[in-house]
Amino acid sequence: MNIRILSIEDAQAYHALRLEALKNAPEAFATRLEDALERPVEATEKNLALASAVTFGAFVEGKLVGNATISRNTSAKMSHRASAVAVYVTPEARGQGTARLLMKELLRYAENWNGLERVDLAVASRNEPAKRLYTSLGFETYGVDRQAMKTPENYIDEDLMVKFL
């Protein structure tokens, strides 16, 4: 398995993986699949070129099988904070430590990002495997955002977690 920062050249593969994520785990993301389908690949290219966000990809035999993004807050009073977002691993790559490797690389990057002091994340309260992973990496739950998201069927609560660097 190879973990590396995604570049504009990876936009097509990342766009396809993002659509898969939204289809397979809609409760884990604020973006709706219907909205993502309307976004062109060029929007993904633009996101991958941002200086305030870095997306890591996990590749197996050249195929993108997972991703995790760290997005730094750009306001002066909040630039010591970043968020881990859009973490996803394909079903066939789960159970092999892929998400752990992605998050470890993200955290290694965060620790070396000048002036960054903490990484925040929000995870669906019912997503026990993800919560166990984040806790094992040093994240602590500091609250619950009740009814953080709403689908036509139900509300989704999110646990709010932080890791101080």
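In this predicted model, A99, R100 and M103 of helix α4 touch L133, Y134 and S136 of helix α5, a contact here meaning heavy atoms within 4.5 Å. Sorted by class, the residues of this contact come out as 4 nonpolar, 1 polar and 1 charged; Ala, Val, Leu, Ile, Met, Phe, Trp, Tyr, Cys and Pro count as nonpolar, Asp, Glu, Lys and Arg as charged, and the others, Gly among them, as polar. Residues are numbered from 1 along each chain as its sequence is written. As for the ground rules, local features need pLDDT of at least 70, side-chain atom pairs count only at pLDDT 80 or more, and totals for chains, interfaces and linings use all residues, while side-chain values rest on heavy atoms, with hydrogens and water left out.

Now for the helix geometry. Two packed helices are described by the angle between their axes and the distance between the axes. Helix α4 covers residues 98-111 and helix α5 residues 128-136, helices being DSSP runs of H or I with at least four residues, and strands runs of E with at least two, numbered from the N terminus. The two pack at an angle of about 40°, their axes 11 Å apart, with axes fitted to C-alpha atoms over the stretch in contact and angles running from 0 to 180 degrees between N-to-C directions. That makes α4 oblique to α5 (under 35 degrees is roughly parallel, over 145 roughly antiparallel, 65 to 115 roughly perpendicular, and the rest oblique).

Helices α1 (residues 11-24) and α3 (residues 41-48) cross at roughly 105°, and their axes come within 9 Å. They are therefore roughly perpendicular to each other. On the α1 side the contact uses A11, Q12, Y14 and H15, and on the α3 side V41, T44, E45 and L48. That contact has 4 nonpolar, 3 polar and 1 charged residues.

Aromatic rings come next, with 3 pairs in the structure; rings of Phe, Tyr and Trp (its six-membered ring) pair if their centres lie within 6.5 Å, and planes under 30 degrees apart count as stacked, over 60 as edge-to-face and the rest as tilted. F56 and Y109 have ring centres 5.7 Å apart and planes at 70°, so the pair is edge-to-face. This pair links distant parts of the chain, with F56 in strand β2 (residues 53-60) and Y109 in helix α4, 53 residues apart. F56 is buried at a relative accessible area of 1%, whereas Y109, at 29%, is partly exposed (buried is under 20%, exposed over 50%, partly exposed in between, with a 1.4 Å probe and protein chains only). Ring pairs join F56, Y109 and W113 into a cluster.
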